[in-house]
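Subject: A structure for you to look at

Hi there,

Here is the structure I promised to pass on to you. Have a look at it first, and then read on for what was found in it.

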Amino acid sequence: MATDFAPVRSPAAAKSPVKAVNARVRSATVRVIEAKQLPEYEEAWSRLSATAVAPNVFYDPWMLLPAIRALTSQESLRFLLVCGPAAQDGTEPMWGFFPLEIQSRCMQVPIRTLAFWK
């Protein structure tokens with residue numbers, strides 16, 4: 001037997017900070033870019049690295065950009081960027097940075113996939 005529960009509404013819930021957070025999340029953008037486009041996002045990327053909860057020095061711009069330039073093939077690299085809404089000064093904060101690699105095989109099957117780049 002299935003039971004549906006109606007949400008409890010209270011006057012305090014109408015002023016909840018959750019609504020403000022949800023409004024910001026809805027205005028987030030997700031982009032998949034190529035390696036050659038990374039320098040365009042370096043400033044926001046550096047701010048993200050400086051304030052990251054779990055910093056990863058290998059993903060910092062000063063470390064990753066020279067490593068990418070040293071690679072012989074950059075065609076298989078993509079970067080997923082999650083950006084927040086633009087601030088009043090026009091800057092767009094970066095909320096997430098995920099290096100990805102296009103792979104031609106998955107579990108020994110010739111299927112193209114995206115995987116985290118190592």
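In this predicted model, 4 strands form an open sheet in the order β1-β2-β3-β4, with antiparallel pairing. β1 (29-34) and β4 stand at the edges with a single partner strand each, so one side of each has no neighbour in the sheet. From one strand to the next, the twist averages 35 degrees (axes are lines fitted to C-alpha atoms, for helices over the stretch in contact, and angles run from 0 to 180 degrees between N-to-C directions). As background, strands of a sheet pair through backbone hydrogen bonds, either parallel or antiparallel.

A word on terms and sources. Strands (E, at least two residues) and helices (H or I, at least four) are DSSP runs numbered from the N terminus, and two strands pair if DSSP finds at least two bridges between them. Residues are numbered from 1 along each chain as its sequence is written. Because this is a predicted model, local features need pLDDT of at least 70 and side-chain atom pairs count only at pLDDT 80 or more, while totals for chains, interfaces and linings use all residues; side-chain values use heavy atoms, leaving out hydrogens and water.

Now for the pairings. Strand β2 (residues 77-83) is joined to β3 (residues 94-103) by 7 bridges, and the two run antiparallel. Along this pair, leucine 80 has phenylalanine 98 as its bridge partner in β3, and cysteine 83 stands opposite methionine 94. On to the next pair: 4 bridges join β3 to β4 (residues 113-116), again antiparallel, and here isoleucine 102 is partnered by leucine 114.

Next come the charged side chains. How many salt bridges are there? The count comes to 3, where a salt bridge is a side-chain nitrogen of Lys or Arg within 4 Å of a carboxyl oxygen of Asp or Glu.

- Glutamate 92 and arginine 31 meet at 2.9 Å, N to O. Glutamate 92 lies in the loop between β2 and β3 and arginine 31 in β1, so the pair ties together parts that are 61 residues apart in sequence. Glutamate 92 is partly exposed at 26% relative accessible area, and arginine 31 is partly exposed at 24% (buried means under 20%, exposed over 50%, partly exposed in between, with a 1.4 Å probe and protein chains only).
- Glutamate 34 and lysine 36 meet at 3.5 Å, N to O. Glutamate 34 is partly exposed at 32%, whereas lysine 36 is exposed at 65%.
- Glutamate 43 and arginine 47 meet at 3.1 Å, N to O. They are 4 residues apart in helix α3 (residues 42-51), about one helical turn. Glutamate 43 is exposed at 58%, and arginine 47 is partly exposed at 36%.

Finally, take a look at arginine 78, which sits in β2. Is arginine 78 buried or exposed? Arginine 78 is buried, yet has no salt bridge. The nearest side chain of opposite charge is glutamate 34, 4.2 Å away (Lys and Arg count as positive, Asp and Glu as negative; His and the chain ends are not counted). Leaving aside residues up to four places away in sequence, arginine 78 touches Val32, Ile33, Glu34, Phe98, Pro99, Leu100 and Ile102, contact meaning heavy atoms within 4.5 Å.

Enjoy exploring!

Best wishes
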